Amino acid sequence: MASNAANLWVLLGLGLAGILIMTKKLKKTIKADFGAFIQKLELLPPPQPAPPKAPHPLTGLNFAVSDVFDIEGYVTGFGHPDWVRTHEASSRTSPVVLALVEGGATCVGKTVVDELAFSIHGENKHYSTPTNPAATARIPGGSSSGAAVAVAANFVDFSLGVDTLGGMRVPAAFCGVIGFRPSYGVVSHTGIIPVSSSLDTVGLFAKDPNILHRVGLVLLQLPFSVQRNPRQILLADDCFQLLKIPTDRVSQVVINSSEKHFGRQVLKHENLENYFSSKVPSLKEFCSQKINGDSKISSIRLLANVAQLLQRYEFKWTHEEWINSEKPVLDSAVLAQINETLDMTDNEIEICKSIRTEMRLAVNSLLKDDGILVIPTTAYPPPKLGSKDIFSEDYQNRMFSLLSIASISGCCQVTIPLGYHDKCPVSVSFIARHGGDRFLLDTVLTMYSSLQEHADTVAKSKLSRHAVNQEHYAEVAKEKGNQAYKDKQWQKAIGFYTEAIKLSGNNATYYSNRAAAYLELGSFLQAEADCTKAINLDKKNVKAYLRRGTAREMLGYYKEAIEDFRYALVLEPTNKRAALSAERLRKVFM
């Protein structure tokens, strides 16, 4: 008996010793700088100008840059020791870095990137994988992993990286920080090692939206302009179906925040699969030549194929000679993609260029100057370190389907953190037309605080699945009503809008849309009643004021009609219809 007890104590002792050893090992894996930095340095800003001149706009801020940016006197490492070994120190500093230093910020170091900045995972066996401060057991995302980690861990105020096919957006999403991919071509690529010249874009990480805005204006060298609010916020429903977490955890946050700032009338739903199929005809040609004509592949999935093909083709074009001559030791997954045979004819390259052009035109046409497209940043939460999920076909398809939209179109995109789900960071992305960078940064700055508030509320709420489904079916009924209205089937449209109201009776848009159909039928009393209900639900619903003004004018309530048109002008000063209607009635009846 005594012997058994002694054995038990020995086993317990060994178990505790094992736990202590493993704990020490785990602690050792997290470096003081979270493994974010490859090299510490210091580039100081110039002295402040003498009063009364304004101080430098970025005074007091510090930043880091991914190890793909040239800095005079340092070898640009490109995520691989063999690259360092075979290249000389840079003779000049990248103009982008210089612009930020001259703007008053201090550069404090270079950060780790994936091998040859090629993947989106953030793992680097040569310099070790930076630790994700938001989820230490999970990958940080790449290729600009160290830059995202440096911001997430509060080592710097902001950082620079490069986004080719998600290199900024993925680590921003996985590390829970803001990530900005500007419009393609608006920031100089001089002094930066290219990955894929037609996709590469200098990007920016920050935790504070005010810092993102300040640095973004300097980075983009944008002049002052009056801030504009979005007139349409489009949720890409089919993209949200790619999410591996509950869709309402993300979409409902955006809906609630948009309603608070701009009213529900700005919210719209879009199916990008159908839209791109009709607006990007070269995708069908690409499908017939490179995918063996498989018509079942969605247009968004085809975009992912185009983007990945372009990245590999252009990377090999630029770096194949160095790889063949130096034979660097590369990660097997990276090596497999680089070594994949890419027999692209001149005609196929032209098709890819046509797709890029058509995509930019399509997104610009969809969003115009005042629209925001809302999509999930990534389909998956950050996978665990060493996970094989990142190599699965489903992971690759879902991730690159979302990431390729901005990469191929060249439009600007901001990744916005929305708290946590199951202890993993959650995010959403806003996209604006190519060249709409300031509008996008302004919108993010306006909405950021309320997005965080609503993210916290939605995360804590116990919304029933039934309630979420009711809203979804109501939206479907509304879209059917919209189509019937476009087809001038007024009574049918009223039926669909009525169905939407029964499913979700607190949505101002449903009442306002039904009022529009009543106006077409000459049912002015019903139209006025619906508009009044819409306005009670949403005081900022401009269309409801315009439609009630029209109904009241037809009913002979001229004074009340003028008041409606004038209030619509208060909400939307540039609305020509409201201005003309108010002035016409004023001249005749007042």
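Predicted model: local features only at pLDDT ≥ 70, side-chain atom pairs only at ≥ 80, totals over all residues.
1. Strand S10 pairs antiparallel with strand S11 (residues 424–432) through eight bridges. Strands here are DSSP runs (E, at least two residues; helices are H or I, at least four), numbered from the N terminus, and two strands pair if DSSP finds at least two bridges between them.

2. Residues are numbered from 1 along each chain as its sequence is written, and side-chain values use heavy atoms, with hydrogens and water left out.

3. Two residues lie between the strands of the S10 and S11 hairpin, where aspartate 422 has a positive phi near 55°.

4. S10 also runs antiparallel to strand S5 (residues 178–181), joined by three bridges. In that pairing, valine 414 of S10 is the bridge partner of phenylalanine 180.

5. S10 is largely enclosed by the rest of the structure, because seven of its 10 residues are buried (under 20% relative accessible area; exposed is over 50%, partly exposed in between; 1.4 Å probe, protein chains only).

6. Glycine 419 belongs to S10 (residues 412–421). Its relative accessible area is 31%, so glycine 419 is partly exposed. Beyond its neighbours within four places in sequence, glycine 419 is in contact (heavy atoms within 4.5 Å) with Arg249, Cys424, Pro425 and Val426. Its C-alpha atom is 27 Å from that of isoleucine 300, which is 119 residues away along the chain.
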